[in-house]
Amino acid sequence: MTIALDPSDATPSPVPAPSPSETEAETVPRPASEHVPEAEENFWVPEPSPAPEAAGEAVGEATDEEASDADEAAADPADHDPAVVRDARDFGVYARTGGWTFALKVARSVRPGGQAAEGTAARKVSARAFAALAGCSAERVMRYYKAWDMAADDGLVPQFEVLEPGADIELPDADVWLSYYTSRNSASSVRGQAISAAAEAEGIRPTKALEVAENPTALRAAILADPGTAEAARGALLDRMKEDPALQTEMARAIARTDDLKKAVATEAKVADRVGYVRQIVESGQVRTPAGQTVEAPAEVRAEAERHLSLIDELDDSEEAGEWAGEAYESVKGLVAKAVEEDPALRVQERRTRFYSSLQKATKVFEELTLDEVMEEEIYEEDMLQRLEALQEAIGSCIAALRRSAPTAP
């Protein structure tokens with residue numbers, strides 16, 4: 001069992017120490033000089049009747065029978081200091097119920113404004129008055145109050161109205177306590193409200209999400225040590241990046257600055273492009289040729305694309321798709337090239353498209369030459385002129401070839 005500690009808001013004031021005879025009292029403040037962990041919340045635990053423990057466990061070399069006899073003899077309160085007996089009984093109550101022990105004290109004694117519960121004569125006190133008596137903060141008292149309130153809504157404990165000061169009830173197990181209690185006031189902040197809303201959307205209690213958010217170091221340790229936690233964190237980050245452009249930029253920058261990650265991203269991008277090429281053929285029925293044309297996919301090409309895509313889609317998330325994607329891409333691409341060559345009209349159009357593409361690239365490169373700089377600066381070299389003259393001859397030959405292949409006008 002884990003009890004959240006929050007010593008920041010405990011401000012106990014000195015009060016007289018109780019005598020052993022006061023052990024039956026319901027609520028007695030402890031002395032300020034006595035260190036009290038937060039889990040005890042500066043409240044005394046009511047002295048319960050001893051609960052039977054597992055006395056049959058052997059200790060050291062003792063036999064089960066000897067250990068049982070020794071435990072039975074040691075359990076007689078008359079043989080021990082009353083303070084030891086009180087501490088042992090308090091420990092037993094807390095070991096079984098945890099924070100519920102102290103939550104009950106708040107639930108049966110505190111009511112906003114201090115009014116009596118309807119239908120009862122017992123007068124309760126406000127959280128501030130209760131905190132003053134306990135020597136702690138009212139905020140801490142209210143955290144226990146709210147935890148009990150949530151548990152009451154779930155039917156785990158009785159509602160405040162049926163509880164009277166001093167009344168004891170059966171308490172839930174200690175392990176359930178942290179599902180309702182948060183040791184901090186973060187839930188009331190804007191950030192805490194956002195975390196609580198997201199937790200409820202995921203179907204978990206906000207207290208669990210708030211505890212994780214308040215301890216990022218623990219979250220980091222879990223991610224580093226546990227693949228399952230790392231996978232959950234990865235999925236959450238991807239979902240968050242869809243709506244957070246700033247986080248997208250930060251992640252992209254971090255990847256670009258890390259050589260191994262940058263190579264991994266490039267490899268996965270190539271795989272995704274190849275799978276996308278095959279998927280586009282299946283879904284649209286069209287194919288992009290090597291020259292960049294978009295044409296109707298032949299039946300053979302489409303069937304091959306469907307076969308490869310079904311194999312890729314059946315892969316588990318843990319399996320690498322790179323080899324499968326490469327095989328699918330090369331197979332489909334080869335069939336596309338074959339289909340282009342076997343169709344005379346498509347073959348002519350493919351070569352025409354490729355020629356235009358090359359011509360446009362060459363034109364753009366030549367247009368980017370800044371001739372003004374040649375005139376203003378002394379950058380001339382003989383090799384430049386020779387290259388331009390060779391280019392001029394190649395262009396002239398290309399023009400002549402095109403003119404010879406042009407259809408003869410009637």
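**Figure 1. Helix 2 and what covers its buried residues.** The cover over the buried residues of helix 2 includes helix 3, where helices (DSSP runs of H or I, at least four residues) and strands (runs of E, at least two residues) are numbered from the N terminus. The model shown is a predicted one, in which local features need pLDDT of at least 70 and side-chain atom pairs count only at pLDDT 80 or more, while totals for chains, interfaces and linings use all residues. Residues are numbered from 1 along each chain as its sequence is written, and side-chain values use heavy atoms, with hydrogens and water left out. Helix 2 runs over residues 82–97, and its 16 residues reach 23 Å from the first C-alpha to the last, close to the 22 Å expected at 1.5 Å a residue; the expected span is 1.5 Å times one less than the number of residues. The buried residues of helix 2 are Val85, Arg86, Arg89, Asp90, Gly92, Val93, Tyr94 and Thr97, where buried means under 20% relative accessible area, exposed over 50%, and partly exposed in between, with a 1.4 Å probe and protein chains only.

**Figure 2. The largest nonpolar core.** In soluble globular proteins, nonpolar side chains tend to be buried together. The largest nonpolar core here has 29 residues, and those with the most contacts inside it are Trp100, Val106, Val110, Val141, Tyr144, Trp148 and Trp177; such a core is a set of buried Ala, Val, Leu, Ile, Met, Phe, Trp, Tyr and Cys residues joined through side-chain atoms within 4.5 Å. At least two residues of this core come from each of helix 3 (100–109), helix 4 (127–134) and helix 5 (138–153), and helix 5 gives the most, with eight residues. Apart from its neighbours within four places in sequence, Val141 is in contact (heavy atoms within 4.5 Å) with Val106, Val110, Ala127, Phe130, Ala131 and Cys136. A second, separate core has 21 residues, including Val275, Val278, Leu335 and Val340.

Figure 3. Helix 5 has 16 residues and reaches 22 Å between its first and last C-alpha atoms, close to the 22 Å expected at 1.5 Å a residue. Its buried residues are Ala138, Arg140, Val141, Arg143, Tyr144, Tyr145, Ala147, Trp148, Ala151 and Ala152, and what covers them includes helix 3 and helix 4. Helix 5 is followed by Gly155, whose phi is positive, near 80°.

Figure 4. A pocket is found on a 1 Å grid over the protein atoms alone, as an open set of points with protein on both sides within 12 Å along at least five of seven lines, whereas a cavity is a set of points where a 1.4 Å probe fits but cannot get out; lining residues have an atom within 4 Å of a point. The largest pocket holds about 950 Å³ of space, with grid points joined across faces, edges and corners and the volume taken as the space filled by probe spheres set on the points. Of the 21 residues that line this pocket, Ala198, Ala232, Ala233, Ala236 and Leu237 lie nearest its centre. Two or more lining residues come from each of helix 6 (190–201), helix 7 (206–213), helix 8 (216–225) and helix 9 (227–241), and helix 9 gives the most, with seven. By class, the lining has 14 nonpolar, one polar and six charged residues, where Ala, Val, Leu, Ile, Met, Phe, Trp, Tyr, Cys and Pro count as nonpolar, Asp, Glu, Lys and Arg as charged, and the others, Gly among them, as polar.

**Figure 5. Pro206 in helix 7.** Pro206 is found in helix 7, and, leaving aside its neighbours within four places in sequence, Pro206 is in contact with Ser196, Ala199 and Glu200. Pro206 and Ser179 are 27 residues apart in sequence, and their C-alpha atoms are 8.6 Å apart in space.

**Figure 6. Helix 13 and the second largest cavity.** The 21 residues of helix 13 (322–342) should span 30 Å at 1.5 Å a residue, which agrees with the 30 Å between its end C-alpha atoms. Its buried residues, among them Tyr329, Leu335 and Val340, pack against helix 11 (259–284), strand 1 (286–288), helix 12 and helix 14 (344–367). The second largest cavity, with about 30 Å³ of space, is lined by His308, Leu311, Ile312, Trp324 and Glu327, and helix 12 gives the most to this lining, with three residues.
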